[in-house]
Amino acid sequence: MFKFFLDKKWFLWSVGGTLLILVSTWYQVQLDVKINEWFGDFYDTLQKALTEPGSVTEKEFISYLFTFAKVAGGWVVIAVFTGFFVSHWVFRWRTSMADYYHEQWQKARMTEGASQRVQEDTLKFARIMEGLGVGLLDSLMTLAAFLPILWGLSKQVSALPYFGEVDHALVWVAIISALGGTVLLAAVGIKLPGIEYDIQKEEAGYRKELVLGEDDPIRAAPPKIGQLYNRVRGIHFKSYFHYLYFNTVKWSYFQGMVIVPYLALAPTIVSGAITLGFVQQITRAFGRVEGSLQYLVKSWATIVELISVWKRLREFEKNLNKNINLDYEKSLETS
C-alpha cells in the first residue's frame, strides 16, 4: 500500500507532491488567519457605526467588504488548486498500488476476491486518503496557526462560569472539550470498524455467488443465495443499531459545543470588558482550534471505513506475498 513513497519511479510525485501540498495548505491557513483578523476589525467598526451614527463613512465601511473579498478570493483560488492537485497526487498513489498488483496478478488471482481488492478497494483507499489526508494536514496547520492566536486573545478572558479565574481560559476549554469528545466517541464507536469489515466480507461473498451464477445456473440459486442475503441483512441491521447510539452521542456532542465558547465568555461579556469585534474574533479562533482538535471525532465514520479497507488490503497483500514466497521456494527446489 505504501510502495508509492519507496519506489524511485514515483519520487517526484510522492516527495515533491507532498511538499507542494504542505506549502499550499499552509498558505491557505495563513489566509484564514487574515480573515480572522478582519472579523475583529470589521465587527468593531460595525458596532461603532451602530452606536455612534456618522462615526463611520460609507466608503470606509465598504472598503472592509472589498478587503474581505480580496483575501477570500485568494483563499478560494488556493483551495481549488490544492484540491485539484491532491486528486492527481492520490491517483498516482493508487496507480503505484495497481501497477504492483498487475505485475503479480498470476499470484494475486489465487486470493479470493482479488479483483475486488485491486479495483474497488484501491479506489476506496485513494478516495478516503484524499479526504482524510488533506483534512489531517489542514487540522494540524490550523492548530499551529490559531492556537497562539487564541492563547493571546484569551488573556482578556480571565474568568469562567463556576470555576472563577483561569489563565488563558478559552485555550483550556477548547482542549478539554475537544479531547473529551474524542475519547467519548472513540469509546462509543469502538465496535464500528469490525462491523464495517464484516459488512464488506459478507457483501463480497454474496456478490461472488451472483457473479458465478451468471455463467452457471446451479449457482446463485435457492436456498444458498437466500442464506447469503440473510447474512448480509443481519450484519447491516447490526450496523444500523450500533450507529443509532453512536450518532445520538455524536450529534448531541456537536450541538452542545455550539454554546460552549459563549458560555465560557459569559462573565467577560456581561462585564462589558470586550467589544463585539473581539467576541467574533475569539469565538472564530476558538472554533478553529476546537475544530482541529476534533478531527478524529468529525472523521470517525470515514476512519472506520478506512480501517476496513486497510484490513482487506493488508490481508490481500499478506496472501500475495505468501504466494510469491511459495513460488520462489519451488523455483529453488527445481533449480
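Reader: Which residues form a nonpolar patch on the surface, and how is such a patch defined?

Author: Patches are made of residues with over 30% relative accessible area and no salt bridge, where like charges are joined within 9 Å and nonpolar side chains (Val, Leu, Ile, Met, Phe, Trp, Tyr) within 5 Å; a salt bridge is a side-chain nitrogen of Lys or Arg within 4 Å of a carboxyl oxygen of Asp or Glu. In this predicted model, local features need pLDDT of at least 70 and side-chain atom pairs count only at pLDDT 80 or more, while totals for chains, interfaces and linings use all residues. Residues are numbered from 1 along each chain as its sequence is written, and side-chain values use heavy atoms, with hydrogens and water left out. Here the patch consists of Phe2, Phe5, Leu6 and Trp310, which together have about 430 Å² of accessible area, computed by the Shrake-Rupley method with a 1.4 Å probe and, for residues, only the protein chains shown as cover.

Reader: Where is tryptophan 310 placed, and is tryptophan 310 buried, partly exposed or exposed?

Author: Buried means under 20% relative accessible area, exposed over 50%, and partly exposed in between (1.4 Å probe, protein chains only). Tryptophan 310 lies in helix H11, residues 300–334, and counts as partly exposed because its relative accessibility is 31%. Helices (H or I, at least four residues) and strands (E, at least two) are DSSP runs, numbered from the N terminus.

Reader: How are two packed helices described?

Author: They are described by the angle between their axes and the distance between the axes; axes are lines fitted to C-alpha atoms, for helices over the stretch in contact, and angles run from 0 to 180 degrees between N-to-C directions. The axes of H1 (residues 11–51) and H4 (residues 114–153) come within 9 Å and cross at roughly 40°. Residues making the contact (heavy atoms within 4.5 Å) include Trp26 and Asn36 of H1 and Met141 and Phe146 of H4.

Reader: Where is serine 24 found, and what does serine 24 touch?

Author: Serine 24 belongs to helix H1 and counts as buried because its relative accessibility is 9%; leaving aside residues up to four places away in sequence, serine 24 touches Ile78 and Thr82.

Reader: Which value of phi do tyrosine 162 and histidine 168 have?

Author: Tyrosine 162 has phi near 75°, a positive value in a residue other than glycine, and lies in the loop between strands E1 (159–160) and E2 (164–165), where tyrosine 162 is exposed at 81% relative accessible area. For histidine 168, phi is near 50°, and with 16% relative accessibility this residue counts as buried.
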